[in-house]
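Take a look at the fold below.

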Amino acid sequence: MPRKSDLPFGSEFSPSQIDLPTVLELAKQYEGDWKAFEETVRKRYFEKGYENTNAYNRGKLANNCKLGMYAYGIIDRETFSLTDFGEKLYALRNDPNALYTELAKHILLNLHGMALVECVLDIQQSGERVTLTKLREWLEDRGIHFPSGGKHPSIMRLWLEMAGIFSKSPKWRVNEKRIREIIGMEVEDVYGLSLLSPQQRAFLKALANSAAATKGENASEVSYKSNEIKKIAETVYGVKFNEKSLPKQVLYPLRDAGYITLERGTKEKGRGAKPFLVTPTTKMQAEVIVPLLEQIEAQAQADLRPLLRKPLADILKEIDAEDKHRRGLALEALAFKLMRLIDMTYIGTRVRGNVTGGAEVDLIFESTRLVFSRWQVQCKNTKRVRLDDIAKEVGLIHFLKSNVIVIITTGSIGREARRYTNHTLRDTNLAIVFIEGEDIERILESPEYIIEVFNRQAEQTMKLRDLELEK
């Protein structure tokens, strides 16, 4: 069964093909009668200029327009009546600026539109050109899917262009000022939300929802006890907090980011310190924060995002950083970039738990070219990769059902590790690929060298498994 698209279907529901105010009026006029709606849309928009298209296919084009309105949340699929959002657009149909602003806000917050904008900015910042193929790859890396050959991002861009978020020429240029006007947040602040930890995001959502329920969506006057918000976040979002480190790991970072203010509790005799009183700031609007945080939930590991924005050369510099954590992140980001060079599909980062028997795998990729294969990637920022490092990865293939192990190291592969690898390659159908420090430097100079690395090791494996066939 084909995977459902995360971006809304929009074929023939496009400002280049239909007039939104008119289509809204038709939807209102023919509420409950989708056949009459389709017939009228066909006559109005898919007759002139479509003389070489037969009647059946012109009807399909009108049907696609209707399906696009379903996907964008304008019409209810069951009743064929305007949704609450559709009614809001209908009320604004005579005010184009307000109409397209409202639609753009809906796209940004509820239809992964902000993820699309950030993805465009990330591609541009990496020095690459924005294309539908490139967008599909980068959105997939974030966990956002649309079908191959689909025009979903292009049609979304056209609607956002109507609100001034994208320019007409060059067509993928982002107007960040206009985004701020529409959602009330800077693009960098939205990007900052993706860097929050799961605990910080859950706490912020629980606080935003509590504020919206008690004082309205822009509440910034009521204070809440931090332990009560923590309890809501644990219950609703299933995250666990360390009570003692809550201020350091959650409250202080959210305060420093400008989403909350804190008032320290006073100590009561025999009861210890009171919980902090947490007050949301005007920056924390529930109608904006909650949907944006929900968009982020399905995306790649937050702490890799800043590095994934950078070119390979800049990532390689981070590998030499003094901080061990930064070095580790940089190596994971480098591995991510290298696997994307050979067009692998990203599946997960730092996979751990029952599926791996408690061990951790840095990255998992898959490919469906010719045959299905699953690749597990391990990063080692050490001078030598040891036999034990390889043996651990080989042991995990039974949990992950992997076909290929890729070891990426800034150093080299030890002698015993190579001997063990050769033995494994002879006796199994597993493929093991090493990308060593020298290879990384060559790939940095010439990215296509990665193909030579894989071909070289494929030839070595073939020699190890040479068959003596009877003649």
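## Helix α21 and its neighbours

This is a predicted model. The buried residues of helix α21 pack against several elements: α17 (324-341), β8 (373-380), α19 (415-427), β12 (431-435) and α20 (437-445). Which residues of α21 are buried? They are Y449, I450, V453, F454, Q457 and T461. Seen down the axis of α21, these buried residues fall within an arc of 150 degrees, so they line one face of the helix. The face turned away from that buried side carries M462 and K463, which are exposed.

## Where α1 meets α4

Helix α1 (residues 20-29) packs against helix α4 (residues 84-91). Their angle is about 125 degrees, and their axes are 10 Å apart. That angle makes α1 oblique to α4. The crossing of the two helices is left-handed.

Which residues make the contact? From α1 come L24, E25 and K28. From α4 come G86, E87, L89 and Y90.

## The whole protein

Now step back. The protein has 21 helices and twelve strands. Of its 471 residues, 49% count as buried.

Among contacts with a separation of 6 or more, 62% are between residues 24 or more positions apart.

Note on methods:
Residues numbered from 1 in each chain as written. Predicted model: local features only at pLDDT ≥ 70, side-chain atom pairs only at ≥ 80, totals over all residues. Heavy atoms only, no water. Buried < 20%, exposed > 50% of the residue type's maximum accessible area, 1.4 Å probe, protein only. Helix = DSSP H or I, 4+ residues; strand = E, 2+ residues; numbered from the N terminus. Arc of directions from axis to C-beta. Contact = heavy atoms within 4.5 Å. Axes fitted to C-alpha atoms, helices over the stretch in contact; angles between N-to-C directions. Parallel < 35°, antiparallel > 145°, perpendicular 65-115°, else oblique. Left-handed = near helix turned anticlockwise from the far one by under 90°.
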